[in-house]
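Here are a few friendly notes to read alongside the model.

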Amino acid sequence: MNAFEYTFLIPFVPLLGFLIIIFNFNRFPKKLTAVLATGFIGFTFVVSIYTAWQYFFQMGPVNGVYPKFIGFDFEWLKLGDHLSVHMGTLIDQASVMMLIVVTTVSLMVHIYSIGYMHDDRGFNRFFAFLQLFSFSMLSLVMATNVFQIYIFWELVGVSSFLLIGFYYEKPSAVAASKKAFIVTRFADLFFLLGILLLSFHVGTFDFISLTNPENFESFNLSGYALFGLSIPALALILIFIGGAGKSAMFPLHIWLPDAMEGPSPVSALIHAATMVVAGVYLVARLFANYALMAPEALALVGYVGAFTSLFAAVIAVTQIDFKRVLAFSTISQIGYMMAGLGVSHYGGEEGLGYMASMFHLFTHAMFKALLFLGAGAVIHAVHTNSIREMGGLRKYMKTTHITFLIATLAIAGFPGLSGFFSKDEIITAAYQSNPLVYYALLVVAGLTAFYMFRLYFLVFWNTEPHYHLKPHDPGKAMLIPLIILALLSILTGYIPFGQFISSDGQPLHTHLHLDMAVISTLVSFTGIALAWMLYKKPSDMPQRLIASASTLYRWAYNKFYIDEVYLFVTRNIIFAYISRPIAWFDRHIVDGTMNAIGWVTVTTSHKIKGLQSGQLQKYAFAFVSAVLVISALLVYYLLNN
Amino acid sequence: MWQDITLQDVLIVSTLMFFSGVYGFLTRRNLITMLMSVELMLNAVNINFVAFNYFLHPENMHGMFFALFVVVIAAAEASVAIAIIIGIYRRFKSINIEDVSNMKY
């Protein structure tokens with residue numbers, strides 16, 4: 001028995017909450033649901049904090065290395081003598097950190113939703129799904145083996161699907177939920193292939209033995225390679241495609257902007273802070289394998305991350321839907337984390353990128369959740385998503401304004417706030433190993449500051465449209481999470497993160513890289529200043545700029561037509577040349593055969609049904625005659641032999 | 001005198017009885033008469049049992065017991081059949097087999 005046995009409570013309690021609420025969702029009053037759900041998640045939060053305290057402070061590193069524990073474990077599925085799938089809880093640096101992220105944001109979102117969803121008919125359903133999501137996500141981050149992570153990977157996908165399509169009477173929400181599910185599911189196919197390929201060659205599903213560099217020599221990784229890639233590189237690239245689907249990396253990012261159809265708290269929890277970083281977490285989980293077994297796969301991660309980051313930032317500059325700007329910002333920031341992982345090496349000072357990426361994941365979760373919750377408060381107050389119909393809100397929504405400003409400063413990398421520290425680490429790591437990624441990330445830093453302040457100025461300053469109802473700050477249930485998250489957005493930057501999270505388990509001593517900090521601060525100030533000039537007061541400058549770069553603007557505004565490309569490929573190629581012939585074959589050949597069998601049976605039956613006359617003596621006559629004939633044949637046969 | 005009777009004689013009698021039963025079952029339209037024909041067939045078989053036992057294996061009594069069994073079962077069967085016939089009569093007001101032809105396709 002070990003000290004972390006109790007960690008099974010962390011996923012189990014939200015599961016219990018889900019079951020209790022979902023089976024009573026027509027019966028429970030809203031108040032009871034709110035108390036139950038928040039209480040359950042609050043309990044989980046407390047247990048997670050206790051786990052983190054016990055892991056980092058009470059136990060601490062053993063011989064300078066943070067150990068990995070299996071807190072709780074049982075055999076879930078036995079597939080023969082050598083193969084079995086376990087379920088359990090893995091306690092190590094990354095999982096404990098994720099526990100804190102997930103439970104903190106989840107708790108905040110629960111509290112916020114009490115206010116936000118107050119008048120919604122689906123109140124109970126909403127909380128049940130939130131609990132389901134929390135359960136799946138917590139089990140995902142604590143997965144002890146690849147199969148467990150895959151199972152819960154799908155479950156968070158399902159919860160995301162359910163919550164995006166929460167307003168299921170709205171066709172756009174239904175379409176968005178389907179899109180999200182299909183795109184991520186498509187990526188998960190590659191994830192599964194990667195798992196199978198890796199496990200087949202390595203012979204274990206278990207993360208602890210899979211990621212231990214001392215074991216790498218014993219793995220049987222020889223074998224033919226596809227496309228000139230080694231086996232581990234191919235397997236890890238396939239796994240990364242799965243992670244890219246969940247984390248909305250280019251070109252699988254198309255589902256995330258549409259996922260904003262869900263309620264704002266859902267966007268904050270799932271599509272900003274937790275589920276979408278699952279891909280980053282997955283790469284981080286297998287980081288030793290990426291870094292030591294297949295550096296080319298890790299390089300791909302870095303380039304995809306950097307490109308996505310830049311790509312999404314450019315789109316975010318042009319969007320006019322409040323939540324879509326934030327969605328593209330999320331894609332961009334996740335690209336940042338991926339790039340951070342991609343430029344990292346394993347172990348020691350060289351592992352700075354890994355630590356920076358996790359750090360950014362942590363801080364990003366706080367300020368991006370805050371941004372989404374703030375967006376929810378604004379949308380709640382003005383009843384529109386378009387930032388063109390907002391403006392001057394600082395006068396009406398004072399608290400929301402302040403918290404939103406803090407989050408905006410944090411994401412823009414303003415010195416002293418959390419985003420500044422984590423971004424600085426990533427940029428430093430990129431500078432040390434890959435100039436291409438470094439410049440891309442630097443440009444993104446500027447763009448981020450620009451589009452976030454464009455959003456901020458357009459919503460809270462600029463011209464004030466005519467509001468039918470005077471907007472006002474939301475109630476306490478919504479304000480308290482905003483304030484707490486704002487504090488966290490400031491304070492989390494001061495955590496000496498390298499002490500807790502590092503690629504090889506040894507505490508990493510980091511310090512502020514002053515030269516890097518100066519450059520990135522200058523870049524973000526430039527972005528902020530530009531946004532200030534263009535958007536603080538109403539002016540025609542933005543329009544003139546748009547006119548002077550109309551082609552680029554149009555492309556960025558239409559998200560570089562990626563959605564259209566997908567539609568073209570699916571409709572005009574896959575549907576026309578694959579699905580339709582298959583459908584024809586199914587309808588005419590397969591169904592035709594079955595229909596023919598049925599037709600023959602029915603027709604024959606009609607023809608011979610006259611034999612069933614109901615006249616008992618006819619039957620008896622047939623019976624007796626047949627007996628006589630058979631007896632005669634038998635006798636004839638016996639006599640002849 | 002009855003000692004001169006052979007197995008063959010008995011079998012001829014039972015065969016005649018059996019086919020009288022079959023004939024009656026196939027031609028008579030009255031359910032009661034048909035039931036009697038069935039009894040005739042059963043008893044023809046009973047005679048066979050007893051005859052085979054007596055002529056071929058006089059040392060044991062299996063055939064006799066079988067005959068007794070058949071008698072008992074025939075009694076039970078007759079009571080069930082009569083009950084069915086009464087039911088039919090109540091429903092159709094007739095015990096003519098040609099009137100009872102509902103059990104078809």
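1. How are H3(A) and H15(A) oriented relative to each other, roughly parallel or roughly antiparallel? In this predicted model, the axes of helix H3 (residues 93–116) and helix H15 (residues 352–382) of chain A cross at roughly 5 degrees and come within 10 Å. Angles under 35 degrees count as roughly parallel, and H3(A) and H15(A) are therefore roughly parallel to each other.

2. Do have a look at the residues that make this contact. H3(A) brings Ala94(A), Met97(A), Val101(A), Val105(A), Met108(A), Tyr112(A) and Tyr116(A), while H15(A) supplies Met358(A), Phe362(A), Ala365(A), Ala369(A), Leu373(A), Gly376(A) and His380(A). By class, 12 of the residues in the contact of H3(A) with H15(A) are nonpolar and 2 are polar, with no charged ones.

3. Another pair in chain A is helix H8 (residues 231–246) with helix H11 (residues 278–285), packed at an angle of about 155 degrees with axes 7 Å apart. That angle makes H8(A) roughly antiparallel to H11(A). From H8(A), Ile239(A), Phe240(A), Gly243(A), Ala244(A) and Lys246(A) meet Ala278(A), Gly279(A), Leu282(A) and Val283(A) of H11(A). This contact of H8(A) with H11(A) has 6 nonpolar, 2 polar and 1 charged residues.

4. Turning to the two chains together, 10 residues of chain B are in contact with 10 residues of chain A. On the chain B side, 6 of the residues touching chain A are nonpolar, 2 polar and 2 charged.

5. Finally, Ile73(B) sits in helix H3 (residues 62–92) of chain B. Ile73(B) counts as exposed because it has 11 C-beta neighbours inside 10 Å.

Definitions and conventions: Residues numbered from 1 in each chain as written. Chains lettered and ligands numbered in written order. Predicted model: local features only at pLDDT ≥ 70, side-chain atom pairs only at ≥ 80, totals over all residues. Contact = placed C-beta atoms within 7 Å. Nonpolar A, V, L, I, M, F, W, Y, C, P; charged D, E, K, R; others polar. Axes fitted to C-alpha atoms, helices over the stretch in contact; angles between N-to-C directions. Helix = DSSP H or I, 4+ residues; strand = E, 2+ residues; numbered from the N terminus. Parallel < 35°, antiparallel > 145°, perpendicular 65-115°, else oblique. Buried ≥ 20, exposed ≤ 12 C-beta atoms within 10 Å, placed from the backbone.
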